[in-house]
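Let's take a walk through this structure together, one part at a time. Have the sequence and the 3D view at hand as you read.

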Amino acid sequence: MFLTTSQEELGNPPDVDAIPANLMRWEYLLIAYLVFASYLVWHVSENLLVWEPGESIWGLPKPVAGALMIALTWIILNFMLFAVYYLVITKRVKTVVWGRKE
Amino acid sequence: MNISTWSLIVLSTLVTFFAFTLIAGYIGAKRTKKGLHEFYVAGGTLSAITVMFTYMATYMEAWEFVGMPTVIVSEGFEWWVIEMIFYLSFVALFYLVGLRLYKLGKLHKYITPTDIIVHRVGGFERLLRILIALMILYATIIYIGMIYIPAAGVLAAATGGEIPYHTFLALYVIFIIIYISAGGMRAVAYADVMAGVTFIIAFLAMVYVTFTYWGGLDKLAWAAYTSDIAPEIFQKTQPFQYFWTMLIFYGISWLFIPHLVVRFYAAKDYKGVIVGGMGSNAGFFLGAFVSPLLLGLSLAAYYGSNLPEVEVVEGYVPMLFMELFGIGPLLILILLGLIAITRSTIDSMLLLVSSIIDVDLIERGLGIKVPERSRRLVSTLVIIGVALLSVTVALAPEAPMVIIGFELCWPAYSVIAWPTIIMLFWRRANKYGGFASYLAGFLSLLLFTYVIWPEAPHNPLGVWEGTLPTLIALAMLIIVSLITPPPPKEFVEKFYGLKK
């Protein structure tokens, strides 16, 4: 229905074959990360979203520090996952190209 | 009617900006080859840098730059924290889901987000196309209307109401219709790059001046936290389960937001997805975290409870800029940035809805054949129709855009996204489970929202509005798939690209 004739004749680009249809084993670690993220959400929402002008974290009001904790978590994760995915998929692409040459 | 020089400058800024986007539209039209795949997903040839800006433009819009700072003072700081929470799950799973969507898009040459859904479900194609098209239309028309609100409200507020909200609304719609009709996805992508650059300049100027005025983040934060509005806005009113369901259901549903899906199709190669994703997520740190935080805290610190009189609450942001920076070139630059970001999502959403009506509803759902030479005319008419229909949402807005989005738009996206993402990996899901899932999810959403629990959060459990309908959709997917025969092996192998 969606596959074009030209694609069937030419075969897939190597990166398409290199991306696995299943989850790679290490990708299941992201579920563990979501458990940690749930804890972080609980911590921020239950303990830091308060109006307590006498208290501070990192020199900032508690709600602002809580938001900062969340944002730092996802931005660090972003760069880490970028590096991992770039290395893993690039390696897999090379393997696919090598396999086709052989 | 007397209009001041400043108001005329604001009007000219809008006209000049759109003149440049029309040039982008013209170049896009020149470079757009024939065919739907080219018009809607740029033939799948967009480079990593272009993809990065288009991803960024998908999210860094009026929602983050205008809506979030506003909601901090109008509804409470927690609503912005909720937005931060969604990035925790969205960023974590972006590459995992995005690469699979890219793979399947390249394998099967999809054009619309519905393509991948009906292909994976593997049956009931016509009915499913109509159902999904209706679901996406429902959410997207509200979404576009919701973004019209700050788009016009910001400029009306900048003129102090001299040029009315409805005049700017009409101008926006006219300009956008013209250049999208001309250039398709390529025009949107080029204009997104331009919008991104303009936004970055305006953002940096805003950060510099804000820091100069307040003397640093900590001083700004404390000024806001000790203002007379602080005890009211820095308090949690939603239960923990609302925050947690935003992390799980709302956050993950963003991975299959229709206008992001077509950008995965449009990427040239896997690097486009990975580099584009990393760059845009990094951009979100500025656009979704730093920018709304500084602006929202500035609103609280500067005005406290004496917030200015505006037609729509999103007008607080330009009012603050005018107060802090005065009228001059810097303010014009900032207004340009505001125009750019309010525009960037509207156009891609219009293009998306156009593709859904054109391809999914008319051609493949209802089976009406449109001759190729009439295709552009149909697309243009669809864009005009949807653009005008969405205006009805923005004519008399009753709530901040952010609240409209959380409550009405994203629950529908979640009902589409969750079953689809599960089916990307769960091969046992079949056509019966797939169809039942979307149907039950959408019907329960409408029932809960408009009939059973008309008051937010539209459920008695205190969870996010989209949670219960999504759970019902997932339950239907799993239960119905398991009690009916599995999908044919041949079909599964072909869909996932396992058959060489």
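Chain B has 20 helices and 0 strands, where helices (H or I, at least four residues) and strands (E, at least two) are DSSP runs numbered from the N terminus. This is a predicted model, in which local features need pLDDT of at least 70 and side-chain atom pairs count only at pLDDT 80 or more, while totals for chains, interfaces and linings use all residues. Residues are numbered from 1 along each chain as its sequence is written, and chains are lettered from A and ligands numbered from 1 in the order in which they are written.

Let's begin with chain B as a whole. Of its 500 residues, 61% are buried; a residue counts as buried if 20 or more other C-beta atoms lie within 10 Å of its own, as exposed if 12 or fewer do, and as partly exposed in between, with C-beta atoms placed from the backbone. Two residues are in contact if their C-beta atoms, placed from the backbone, lie within 7 Å. Among the contacts in chain B with a separation of 6 or more, 86% are between residues 24 or more positions apart.

Now look inside. The largest nonpolar core has 192 residues, and those with the most contacts inside it include B:Ile85, B:Met135, B:Tyr148 and B:Leu350. Such a core is a set of buried Ala, Val, Leu, Ile, Met, Phe, Trp, Tyr and Cys residues joined through C-beta atoms within 7 Å. Helix α5(B) gives the most to this core, with 22 residues.

Which chain does chain B touch? The contact takes 50 residues from chain B and 46 residues from chain A. On the side of chain B that touches chain A, α5(B) again gives the most, with 19 residues. By class, this side has 34 nonpolar, 7 polar and 9 charged residues; here Ala, Val, Leu, Ile, Met, Phe, Trp, Tyr, Cys and Pro count as nonpolar, Asp, Glu, Lys and Arg as charged, and the others, Gly among them, as polar.

Next, find α11 and α17 of chain B. Their axes come within 8 Å and cross at roughly 80°; axes are lines fitted to C-alpha atoms, for helices over the stretch in contact, and angles run from 0 to 180 degrees between N-to-C directions. The two helices are therefore roughly perpendicular to each other, a label for angles of 65 to 115 degrees. Residues making the contact include B:Phe249 and B:Tyr250 of α11(B) and B:Trp410 and B:Trp418 of α17(B).

Both helices, along with α18(B), are packed against by the buried residues of α19(B). Among those buried residues are B:Leu468, B:Ala473 and B:Leu477. Helix α19(B) spans residues 467-483 and reaches 24 Å from its first C-alpha to its last, close to the 24 Å expected at 1.5 Å a residue, that is, 1.5 Å times one less than its number of residues.

Finally, some backbone details. Most residues other than glycine have a negative phi, and most peptide bonds are trans. In the loop between α18 and α19 of chain B lies B:Pro457, joined to B:Ala456 by a cis peptide bond with omega about 10°. B:Lys109, in the loop between α5 and α6 of chain B, has a positive phi near 55°. B:Phe124 has a positive phi near 50° and sits in the loop between α6 and α7 of chain B.

Terms used: Angles under 35 degrees count as roughly parallel, over 145 as roughly antiparallel, 65 to 115 as roughly perpendicular and the rest as oblique.
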